[in-house]
Structure formats: C-alpha cells, structure tokens
Amino acid sequence: MISVDGIRKAYGTRSVLDGISVALLPGRVTALVGPNGSGKTTLIKLILGLARPDAGRILLDGEPIDPEGRYRARIGYAPQAPRFPDNLAVGEVFAMLRALRPGATVDESLLGAFGLRAEWETKVRALSGGWRQKLSSACAFLFMPDVLILDEPTAGLDPIAAGLLKSEIRAAREEGKTILVTSHILSELEELADDIAFLSDGRLRFGGPVATLLEETGMRRLEPAIAALLRGLRVDSGGAAGRPGNCTAGGRSRA
Amino acid sequence: MNPLMLVLKAGVRDLARNRWLLAYGIVLAVITEALFFFGGTGHQVVLSLLNATLLLVPLVALVFGAMHVYASREFIELLLAQPLSRAAVFTGLYLGLAIPLAGAFLAGIGLPMLIHGIRGGAPMLALTFLALGGALLTAAFAALAMAIALRTDDRLRGMAMALGAWFLFTIGYDGAVLAVVSAFGDWPLERPLLALMLGNPVDVARVLVLTSLDASALLGYTGALFRRAFGTGIGPAIALVTLTLWAVIPVVFARRRFLRRDF
C-alpha cells in the first residue's frame, strides 16, 4: 500500500501539486486521471523518488520512502515515453535490469507473450514506439513487484498486446498487488479500475471507488462521470459570480 | 557486480557502438597519420597534434557530452526508478561517458603510432604528456557538459551553453589574458599571470606538454613564465596536479546537481 500524505510540489513559482493525499490500496487498480498538465506524472515521479516533494510524505506500507532508493526494489515502473540506450540490444537491457536486482525472482511470462524473445538481438534503436512500450511494460512486470506504476501503458500498443497487458494487470490485482495506472482512454480504465483518483489543477478533486464516483455524479459510465466532475469544477470557478456551485464531488478525498 | 559497474558497463557498451564517437576517433587518427606522414621533425608533429588536441578534445567532450545526456534523459529516469542510489547512477553515467570519449581520443592518436612506430624521433615524454593531458581534458569537459545538460532542460540552450563554454576556454580566456597583459604591461605581472594560466585547463594542458618539449620559443608568454618559475623538473608535476584538479572539480559540481535535481 502506498500512502501519499499532504504532498506539495512546485516547479519554480508554478505549483503543480497543492496538498494531495491519496491512498493506493493493495489488490486494487487505482486509475489516476485528470486533464493534461494536472500533475499526474509529477505525482508518479514523487512516488518513485525521481523528484522530491516540497512538503508532505510518501509511505510504502507505513514506512517513509528512503532516499537511497532501496524501496524501489518493490516497485515496477513503466514510463510514458520509454527510451533505452540506442545501441543496446533488447537482451542487454533485460540482462542489465536483472543484474541490478540480484536474487530477485523473475516472471518472464509477459516477455514471452509479447514476443520479445524473438527480438532479443535487436537494437533498441530499431524498435518501433509500440515495441519499446512492450519492452518497458515487460520490464515493469519482470520482478513481480508489490507495486506497479504504469504511465499510459497501452499507448501505442496494438489491440492484442493491449489485451495481454490488461489481463496481466488483472492477474496482478488478483495477487494482491498495488497498481496505479494512468490513461486518457477512459473506456479502458473502466474495465480495469477499482478506484479513481482525479487530479485537476494540482488538487485531488475525487478519490474513491468507481462506484462512489458514479453514484455521486448520477452517471452510469466513467466518461460522463469524469466530464461531470470537470463541469462541476467549471461551475466552481464561476462561483465567484454569486451562483451557488453544485459540485458535490469536488474537493472530496479519501484520507 | 555492483550497480555502479552495471550502469557503467551499459554506458560503455552503448557508446562503443556510437557512430559519432567512431568518427571522432577516425578523424584524430587521420590527423595523427597525416602529421607523421608530412611532418618534419618529431617536435613539430607533437606541436601540431597538441594544437589539434586542445581545440578538438574540449569541443567534442562538451557537445557530444551534452547531446548524450539529453538523449539519455528517459534512460536516466528509468535507472533512477530502479533500486539504485543517485550517487551510483551518477558515477556510472559519468564514467560511462568519459571513458569511451577518452578511449576514442587515445585510440585515435595512439593507433597510428602503434601501427608503424614513432617516426622522426618524436619525444616520448611529450607524447605521453599529450595523451595524459588529452584524457584529463576529456574528463574535465565531459563533466562540464553533464553539469550544463543537467542545469537546463532546454536542449538548444544547453548546446549553446556548451559551445559558449568551449569558446570561452579555448579562445576567449587567452584573449582576456592578452588584454590584461597589454593593459598592465608596466606592472610586474608574473604571479597574477601564472595564477590566470592555472585557471584554464586548456592552458594547463598546453604548458604540460610544452615544458617537456625543447621548444621555448613556442611556450608563449605564460609558458615561458611558468618554466622560469618552476623549472623543467617540478613544472610538469605542478601542471599535472592542476589538470587533475581541473578534471575533478566539474565532476563534483555535476554530481551535486545530479543528486539534488528533480527529474
């Protein structure tokens, strides 16, 4: 379980995250959604220790994450736009990652399912965007981590590969892993997500189970529900003109 | 194998197959070969090679180094998402850049000499210092390139800063020293000038090679001062120590920036 506790982060004078608290629960897929530039990637980077918060704490199973980064042995991460050294072969990338975690048990099922074995000798430079995405996802699942962080994992994947990845995510959920996924394809998140964390302008506008979100917005599907949240925000910001804001979901968060 | 060595190995493996680095080595080899082929005495060859080294090594280390760091941004983020300390990732990345660069330099000037021996009786000591000086300059400017590329995320600005640094250290600095000499020509300038010279790694590398060479006329103003102040025995030692310091200081800066910054 990952607890994000009162995180603030500004780049220069621009505030990106403004007091975020959210819990990512084991055995559940949390979908991190929000408009472009709402701070999703920044939140992921803070959890990974790639950036450091200005205030607040991040806990992994109740322990503050250590600056030396040993906790990352328990996290599998697939970045949004993966790139590897151009002149390394696929096999060399895997060999290096495995050597970095000596003694870890490995699960090569995704590697095989994606057909990466056939590309073992191929230079990363020669891989298409979709293949690089497959490589990146396979790396994230390789060490059977307790926590999976997947930033736009299906972007650029063909439907078969995307399907394989989604069933792998479901299997990981059954095993009780903590999973964080971002995506702009809401229909896809609808299939996967148990919880929604909705970010906008650096604040958590909704945090909780999908069912609760649907109930509060009175919608039956995720897409209109998110749209309703966004509309609620607009009413909120127009509230200064004296109109009573009818944003019931806005500003809710689960401690 | 420890994490630092793994990152280093990946970097060296990647760059060993890099075409630009191969081209750099070949250009140096062609220059060396041509100088030995056409060049008169060994001294002249070493001098020409020295001039080429002092211009090319900082340029390639700065521009290629900055380019490499920008191209590696996503890979750096991937490494930092692994259970590794930042310090290990930095050291692995830095050595993974500096070692292939220095290797290309040493192979470029060394291979032609290994293949058919040193012709024209070139002075061995000066050649050794040239190789050492070039390698240390590579270490210094590769670290400076990393410090620049880690400072700004804007690639264009980073490249401009790298080129600016090259201009400053190879041309601008000497121009400024000359201006000081002509402006304060009536004053005893020996000590301040020596200090100024030690303040530029390119000058230090030049003096390191020249003091070991019997070419007083080519030492220039600061070089002659240097030799008079320290003599031929301790002079090269001081130059070598200073150049080593110059190779370490930018690494310390780049490392601090790497440990502190957000990715």
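This is a predicted model: local features need pLDDT of at least 70, side-chain atom pairs count only at pLDDT 80 or more; totals for chains, interfaces and linings use all residues.
1. Two strands pair if DSSP finds at least two bridges between them. Strand β9 (residues 195-200) of chain A and strand β10 (residues 203-209) of chain A are joined by six bridges. The two strands run antiparallel. Look at Phe198(A): its bridge partner in β10(A) is Phe206(A).

2. Now follow the turn. β9(A) and β10(A) form a hairpin with two residues between the strands. There, Asp201(A) takes a positive phi near 50°.

3. Next, the largest nonpolar core. It holds 154 residues. Which members touch the most others? They are Ile149(A), Tyr94(B), Ala142(B), Ala143(B), Ala145(B) and Met146(B). Helix α6 (residues 124-151) of chain B gives the largest share of this core, 19 residues.

4. Take Ala143(B) as one example. Leave out residues up to four places away in sequence, and Ala143(B) touches Tyr94(B), Pro250(B), Val251(B) and Ala254(B).

5. Two helices of chain B deserve a look. Two packed helices are described by the angle between their axes and the distance between the axes. Helix α3 (residues 42-71) of chain B packs with helix α9 (residues 201-211) of chain B at an angle of about 155°. Their axes lie 11 Å apart. Angles over 145 degrees count as roughly antiparallel, so α3(B) and α9(B) are roughly antiparallel to each other. Their crossing is right-handed.

6. Which residues meet where α3(B) and α9(B) pack? From α3(B) come Leu50(B), Leu54(B) and Pro58(B). From α9(B) come Val202(B), Ala205(B), Arg206(B) and Val209(B).

Conventions:
Residues are numbered from 1 along each chain as its sequence is written. Chains are lettered from A and ligands numbered from 1 in the order in which they are written. A nonpolar core is a set of buried Ala, Val, Leu, Ile, Met, Phe, Trp, Tyr and Cys residues joined through C-beta atoms within 7 Å. A residue is buried if 20 or more other C-beta atoms lie within 10 Å of its own, exposed if 12 or fewer, and partly exposed in between; C-beta atoms are placed from the backbone. Helices (H or I, at least four residues) and strands (E, at least two) are DSSP runs, numbered from the N terminus. Two residues are in contact if their C-beta atoms, placed from the backbone, lie within 7 Å. Axes are lines fitted to C-alpha atoms, for helices over the stretch in contact, and angles run from 0 to 180 degrees between N-to-C directions. Angles under 35 degrees count as roughly parallel, over 145 as roughly antiparallel, 65 to 115 as roughly perpendicular and the rest as oblique. A crossing is left-handed if the near helix is turned anticlockwise from the far one by less than a right angle, and right-handed if clockwise.
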